[in-house]
Amino acid sequence: MTSAPDLGPIRSEFIEKVGLMAQGEGLPKTAGRMFGMFIFDNGTVSFGDLARRLQVSRASVSSSVRMLEDRGVLKRVSKPGERQDYFQLTATPHENMLKRTQDGVRQARDEVLATANSLPDSCPEIKARIGDFAGLYAAIDRSLGLALDHLNEPAPEASAKE
């Protein structure tokens, strides 16, 4: 009989990696670690267990959960007869993240275009530079749209190296 491998070190490393990736994008490391934990473990976890498993304060859990709920990554669920809150991944956390990012990119593009449109015709060079800047956001928007289109395709092999 083969025993199950000890995934603890791989799990811990993955959770920390996701925490650092989130921190690199300006999010709290705890929120990223929490997301990594839910990706690795799946399932439904109570508020108290989140604090215990991640070894963080309840205040950190509270702010991170709120942030991940706002981004459509986690959802709050209840269990019959239980008073505490439980959390789990939403059905489409990755799609929700991309859509939120795309909304932000579109808003930035629109703000940049509004500036370009407010300039008088006597400033064609400035309009062109600002238009090029808006073009950057338009390109990112298109790329995010392609990413959303391809999100549900089969994932590449986990062992594939680039």
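1. The buried residues of helix α3 are covered by elements that include α1 (8-24), α2 (29-41), β1 (45-46), α4 (58-70) and β3 (86-89). Here helices (H or I, at least four residues) and strands (E, at least two) are DSSP runs, numbered from the N terminus. Covering is judged by contact, meaning heavy atoms within 4.5 Å.

2. On the basis of the note: this is a predicted model, in which local features need pLDDT of at least 70 and side-chain atom pairs count only at pLDDT 80 or more, while totals for chains, interfaces and linings use all residues. Residues are numbered from 1 along each chain as its sequence is written, and side-chain values use heavy atoms, with hydrogens and water left out.

3. Which residues of helix α3 (residues 47-54) are buried? They are Phe47, Leu50, Ala51 and Leu54. These residues span an arc of only 95 degrees around the axis, so they lie on the same side of α3. The arc is taken from the directions from the helix axis to the C-beta atoms. Buried means under 20% relative accessible area, exposed over 50%, and partly exposed in between (1.4 Å probe, protein chains only).

4. Helices α2 and α3 pack with their axes 11 Å apart, at an angle of about 100 degrees. α2 is therefore roughly perpendicular to α3. Axes are lines fitted to C-alpha atoms, for helices over the stretch in contact, and angles run from 0 to 180 degrees between N-to-C directions. Angles under 35 degrees count as roughly parallel, over 145 as roughly antiparallel, 65 to 115 as roughly perpendicular and the rest as oblique.

5. In this packing, Arg33, Met34, Met37, Phe38 and Asp41 of α2 meet Leu50, Arg53 and Leu54 of α3. The contact of α2 with α3 comprises five nonpolar, three charged and no polar residues. For these classes, Ala, Val, Leu, Ile, Met, Phe, Trp, Tyr, Cys and Pro count as nonpolar, Asp, Glu, Lys and Arg as charged, and the others, Gly among them, as polar.

6. Most residues other than glycine have a negative phi. Asn42, which is not a glycine, has a positive phi of about 60 degrees; Asn42 is placed in the loop between α2 and β1. Just after α3, Gln55 takes a positive phi of about 55 degrees. Gln55 is found in the loop between α3 and α4 and counts as exposed, at 72% relative accessibility.

7. How many aromatic pairs are there? The count comes to two, where rings of Phe, Tyr and Trp (its six-membered ring) pair if their centres lie within 6.5 Å, and planes under 30 degrees apart count as stacked, over 60 as edge-to-face and the rest as tilted. Phe14 and Phe40 form a tilted pair, 6.0 Å centre to centre with 40 degrees between the planes. This pair links distant parts of the chain, with Phe14 in helix α1 and Phe40 in helix α2, 26 residues apart. Phe14 is partly exposed at 27% relative accessible area, and Phe40 is partly exposed at 31%.

8. Phe133 and Tyr137 form an edge-to-face pair, 5.2 Å centre to centre with 65 degrees between the planes. Both residues lie in helix α6 (residues 124-150), four residues apart, about one turn of the helix. Phe133 is partly exposed, with a relative accessible area of 40%.

9. Leaving aside residues up to four places away in sequence, Gln102 touches Asp141, Leu144, Gly145 and Leu148.
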